[in-house]
Amino acid sequence: MIAGWSIWMFGYVIESISDYQKYQFRSDPLNKERFISSGLWSISQHPNYFGEIILWIGMYISSSAFFHTWEYATVLSPMFVAFLLIKVSGIRLLDRAAKRRWGDDLEYKDYTRKTKKLIPCIW
C-alpha cells in the first residue's frame, strides 16, 4: 500500500509541477506565440499527462491491497485513462494543434525530434 501511495504522490507532483511551469510560461506575454520546452517540458512533451497516468496507476496499486476476486478488474480504470490521454483526447489532439501552429518552426521540429513524447528517456 505504501508503494501505491508513493507512486500516486510521484504522479501528483509531476503533474502539479508541469502544470505550474506551463502556467508560469503562459503568464509571460513574451511567450504568447511560443511553445514551452523548459523544466519538465524539456524531458517530456506531455509531462502533465505522464503525471496523470502515474497518479492513477498509484491509486490502483494502493487500493488493490483491499481487492477480492473481481475487484482486480478495476485495473481497467487507469488503463482507460491512459488510453484516453494517449490515443483519444489528450496527446493526439494537442499534437495536431501544435503541428498546425508550429509545424514549420525549426525549433519546434527539433524539440519534437529530441524530446520524448510522454515517458522521459523512453517514449
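Is Asn-48 buried or exposed? Asn-48 is buried, since its relative accessible area is 14%; buried means under 20% relative accessible area, exposed over 50%, and partly exposed in between (1.4 Å probe, protein chains only). Keep in mind that this is a predicted model, where local features need pLDDT of at least 70 and side-chain atom pairs count only at pLDDT 80 or more, while totals for chains, interfaces and linings use all residues. Residues are numbered from 1 along each chain as its sequence is written, and side-chain values use heavy atoms, with hydrogens and water left out.

View 1. Of the 123 residues, 34% count as buried. Take the contacts (heavy atoms within 4.5 Å) between residues at least 6 apart in sequence: 68% of them join residues at least 24 apart. The accessible surface comes to about 8200 Å², and 66% of it belongs to carbon and sulfur atoms. Areas here come from the Shrake-Rupley method with a 1.4 Å probe; for residues, only the protein chains shown count as cover.

**View 2. Asn-48 and the residues it touches.** Look for Asn-48 in helix 2, which covers residues 47-63. Setting aside residues up to four places away in sequence, Asn-48 touches Glu-15, Ser-18, Asp-19 and Trp-41.

**View 3. Gly-90, in a loop.** Gly-90 sits in the loop between helix 3 (76-88) and helix 4. Gly-90 counts as buried because its relative accessibility is 0%. Apart from its neighbours within four places in sequence, Gly-90 is in contact with Tyr-49, Leu-84 and Leu-85. Ala-73 is 17 residues from Gly-90 along the chain, and their C-alpha atoms are separated by 24 Å.

**View 4. A patch of positive charge.** Here Lys-87, Arg-92, Arg-96 and Arg-100 gather on the surface. A patch takes residues with over 30% relative accessible area and no salt bridge, joining like charges within 9 Å and nonpolar side chains (Val, Leu, Ile, Met, Phe, Trp, Tyr) within 5 Å. A salt bridge, in turn, is a side-chain nitrogen of Lys or Arg within 4 Å of a carboxyl oxygen of Asp or Glu. Helix 4 (residues 91-102) gives the most to this positive patch, with three residues. Arg-100 has its place in helix 4, and it counts as exposed because its relative accessibility is 67%. As for the chain as a whole, it carries 15 positive and 11 negative side chains, with the centres of the two sets 7 Å apart. Lys and Arg count as positive and Asp and Glu as negative, with His and the chain ends not counted; the place of a charge is NZ of Lys, CZ of Arg, CG of Asp or CD of Glu.

**View 5. A nonpolar patch on the surface.** Met-9, Tyr-12, Val-13 and Ile-17 make up this one, with about 330 Å² of accessible area together. Ile-17 is found in helix 1 (residues 2-27). Ile-17 counts as partly exposed because its relative accessibility is 39%. Leu-40 is 23 residues from Ile-17 along the chain, yet the C-alpha atoms of the pair are separated by 7.8 Å.

How values were computed
Helix = DSSP H or I, 4+ residues; strand = E, 2+ residues; numbered from the N terminus.
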